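Let's go through this model together, asking at each step what stands behind the words we use for it.

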Amino acid sequence: MSGTRQFHNIALIGFMGTGKSSVGHIVADQLRFSFLDTDELIESRRGKSISAIFSEEGEPAFREYERDLVLELASRNKTVISTGGGLGANTANVASLKEYSFVVCLWASPEKIWDRVRSQTHRPLLREADPLGKIRQLLAAREPFYKEADVLLNTEVRCLKEVAQQVLHQFQLAKTLYR
Ligand SMILES: Nc1ncnc2c1ncn2[C@@H]1O[C@H](COP(=O)(O)OP(=O)(O)OP(=O)(O)O)[C@@H](O)[C@H]1O
Ligand SMILES: O=C(O)C1=C[C@@H](O)[C@@H](O)[C@H](O)C1
Ligand SMILES: [Mg+2]
């Protein structure tokens, strides 16, 4: 592998509950990078929760905020960017992230994802009669987009610390290979 890519940042993409926000914090601490979560930034800028954005403005408005943010973040340096679960399910967003970041997709099975998020209530897309069915359906539809990441990392049987270690390892490896 060789080329001219520069890895100033790390971006974590992947489905809800794969650990992007939790792992991103650990990786940023270890690298002494800044940490940024696109969900949190959109919520603080809009002054409301993602659930409120979905119900008051609609999902398309939220997706537009995500697309705008991905373009804006090109100016970042030494930042770990944890994305919302749907942000990386979009070819243009992943291509933009790759211009300024090493992109890691965190992966898990639908059953593991449901196990991790079932006690949390803040994800509007999972307020369904059959949330596990919804996870299966969405994950299958999004899989080809997530696989456009530089690296796919299975989190199924790894604790948060181990996932973070793997992200760091892949980042250091990529910097060496692309040098
Ligand atoms: N590898 C793991 N081992 C144990 N628990 C995990 C792991 N990954 C995530 N979790 C737990 O799953 C829950 C969801 O994790 P987190 O919020 O980091 O996911 P996310 O990918 O950021 O989701 P979203 O796309 O909705 O923002 C948290 O309680 C977190 O501690
Ligand atoms: O997978 C998704 O589409 C989402 C994931 C969350 O991170 C939030 O961005 C929001 O709840 C939508
Ligand atoms: Mg998150």
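Q: How many helices and strands are there in the protein?
A: The protein has eight helices and five strands. Helices here are DSSP runs of H or I with at least four residues, strands are runs of E with at least two, and both are numbered from the N terminus. Starting at the N terminus, the order is β-α-β-α-α-α-β-α-β-α-α-β-α. One thing to keep in mind is that this is a predicted model, in which local features need pLDDT of at least 70 and side-chain atom pairs count only at pLDDT 80 or more, while totals for chains, interfaces and linings use all residues. Residues are numbered from 1 along each chain as its sequence is written, and chains are lettered from A and ligands numbered from 1 in the order in which they are written.

Q: What makes the five strands an open sheet, and what is their order?
A: Two strands pair if DSSP finds at least two bridges between them. The order is S2-S3-S1-S4-S5, with parallel pairing. At the edges are strand S2 (34-37) and strand S5 (151-154), each of which pairs on one side only. From one strand to the next, the twist averages 20 degrees.

Q: How do you know that S4 pairs with S1 and with S5?
A: The bridges tell us. S1 and S4 are joined in the parallel sense by six bridges, and S4 and S5 by four, again parallel; the cut-off is at least two. As examples, Gly14 has Leu106 of S4 as its bridge partner, and Trp107 is partnered by Asn154 in S5. At the other end of the sheet, four bridges join S2 to strand S3 (residues 79-82), with Leu36 partnered by Ile81.

Q: Why is S4 called mostly covered?
A: A residue is buried if 20 or more other C-beta atoms lie within 10 Å of its own, exposed if 12 or fewer, and partly exposed in between, with C-beta atoms placed from the backbone. In S4, seven of its seven residues are buried. Ser101, Val103, Cys105 and Trp107 point one way, whereas Phe102, Val104 and Leu106 point the other way. Across the protein, buried residues make up 34% of the 179.

Q: Is Phe7 buried, exposed or partly exposed, and what makes it so?
A: Phe7 has 16 other C-beta atoms within 10 Å, so it is partly exposed. Phe7 sits in the segment before S1. Two residues are in contact if their C-beta atoms, placed from the backbone, lie within 7 Å. Beyond its neighbours within four places in sequence, Phe7 is in contact with Ser101, Phe102, Phe171, Ala174 and Lys175. The C-alpha atoms of Phe7 and Phe102 are 5.6 Å from each other, although the two are 95 residues apart along the chain.

Q: What makes Arg32 and Lys78 count as exposed?
A: Arg32 has 7 C-beta neighbours inside 10 Å, so it counts as exposed. Lys78 has 12, so it counts as exposed too. Arg32 is in the loop between H1 and S2, and Lys78 is in the loop between helix H4 (59-72) and S3. Most residues other than glycine have a negative phi. Arg32, however, has a positive phi of about 55 degrees, and phi of Lys78 is near 50 degrees.

Definitions and conventions:
Axes fitted to C-alpha atoms, helices over the stretch in contact; angles between N-to-C directions.
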